[in-house]
Amino acid sequence: MKQFDVVIAGGAMAGMTLALALDTLSRSQLRIAVVEPFTVDHQAHPGFDSRSIALSFGTVEILKSLGLWEQIAPVATAIKHIHVSDRSHAGMTNIDHSDISVAALGYVVELADVGRIYQTQLEQRPSISLLCPDSVHEIERTASHNVVTLQSGDQLECRLLVAADGAISSCCQALGFELKQHDFDQVALIANIRCQQAHQGRAFERFTEQGPVALLPMSDDRMSLVWCLRPEVAERVLQLDDAAFLAELQQAFGWRLGQMTQVGQRASYPLLLRYRAQNISHRFAIVGNAAQTLHPIAGQGFNLGIRDVASLAEEVVQSLADVGRYQVLNAFSRRRQADRDTTIAMTSALVHIFSNDYLSLRIGRNLGLAMMDNVPSLKTPLLQRTLGLVAR
């Protein structure tokens, strides 16, 4: 039986970041295993596919503190300006990096790029073992340790098991963790887009009666599209040829970037809030999408997950002799509760307010956007959460 201090189920963004964070903060004093079903450098890896994610200013600061940002920075595109608007109505707000004296409000990275960088990092760290392709099959817990049996038949003994294995976490299911779920009755359609005008570091979020349309700046003057639609509309839009798709997107988004000229491969996924209220148990912790999967509105989900990861790593390295003891996990759980609850509530409220065309909500949200653009005290709380500058 192989001996480890920490076993992490899941080797996508949350799991890999946690492994590297633990290794850095412990100065390689911990024996860490990452169990991952998909080969990281393979095109089919779902955690490091062609999607892009927006890293908030706060997330970048965390990655800098862990020594991980220097390698990611060359493949990241800075967000210099965020424009938020409501289609066909007057309300809008603008946030510029110069307003708050930062180099960028955040950065956009392609998950495939980060996957390759993390793989290289892992190969240079002898304290971390990547067990891939493999997955957790059974979990047996004793007072002092866990015995984790993998699909391959290998057995791992560890002081702490961490679930970073996605929204439908097999570890959480095996241990009977309740999954609360809310269907937003929307589908996210994702693709990369080219437009007539250069993006100049601008990000856009435009609210329509169907749901938000977000365009994020990428390298080579591409834009990363997340278009939230009702399921039946998304099904129809996915079947359109490129020209018809771009025409419909143009109508929803407008002409702030000139004509949309090209669309890459399209994909879609249903939008649900999945949430586990309990994020720890005996010698067990949950981070990333396994703990909560949010609607992409305002780009909060991944950044919330990284705050989980950083907080857990910081608590664990305070107790290197026994990383899975109750006091460590309880401190982590208490530390994360307010941020998790607030971010989940805010994201869900924004979906309700901005994803329909009721007259009362339409008037309210347009007044709200107009006031936010002119009253700094109203803009500050949302700006802080957008930037990821929240207590953790």
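**Notebook: cysteines, a sheet, one threonine**

I am working on a predicted model.

I then asked which cysteine sulfur is closest to that of Cys171. I found it in Cys172, at 6.8 Å. A disulfide needs the two sulfur atoms within 2.5 Å, so this pair is too far apart for a bond. Cys195 counts as buried, at 12% relative accessibility. My count of disulfides comes to zero.

Next, I turned to a sheet. I traced three strands in an open sheet, ordered β3-β7-β4, with antiparallel pairing. I noted β3 (52–56) and β4 (77–79) as the edge strands, each pairing on one side only. From one strand to the next, I get an average twist of 30 degrees.

I looked at the pairing of β3 in detail. Five bridges join β3 to β7 (residues 106–110), and the two run antiparallel. Within this pairing I located Ala54, opposite Val108 in β7. I also checked what packs on the sheet. Helix α2 (residues 57–65) does, touching β3 and β7. The direction of α2 makes about 85 degrees with that of β3.

Last, I looked up Thr347. I placed Thr347 in helix α9, which spans residues 326–354. Is Thr347 buried or exposed? Thr347 counts as buried, at 1% relative accessibility. I followed its side chain to the backbone oxygen of Thr343, at 2.8 Å. Leaving aside residues up to four places away in sequence, I list Leu294, His295, Ile297 and Gln300 as touched by Thr347.

Key. Residues numbered from 1 in each chain as written. Predicted model: local features only at pLDDT ≥ 70, side-chain atom pairs only at ≥ 80, totals over all residues. Heavy atoms only, no water. Buried < 20%, exposed > 50% of the residue type's maximum accessible area, 1.4 Å probe, protein only. Helix = DSSP H or I, 4+ residues; strand = E, 2+ residues; numbered from the N terminus. Polar contact = N/O pair within 3.5 Å; in protein donor to acceptor, adjacent residues only side chain to side chain. Contact = heavy atoms within 4.5 Å. Pairing = 2+ DSSP bridges. Axes fitted to C-alpha atoms, helices over the stretch in contact; angles between N-to-C directions.
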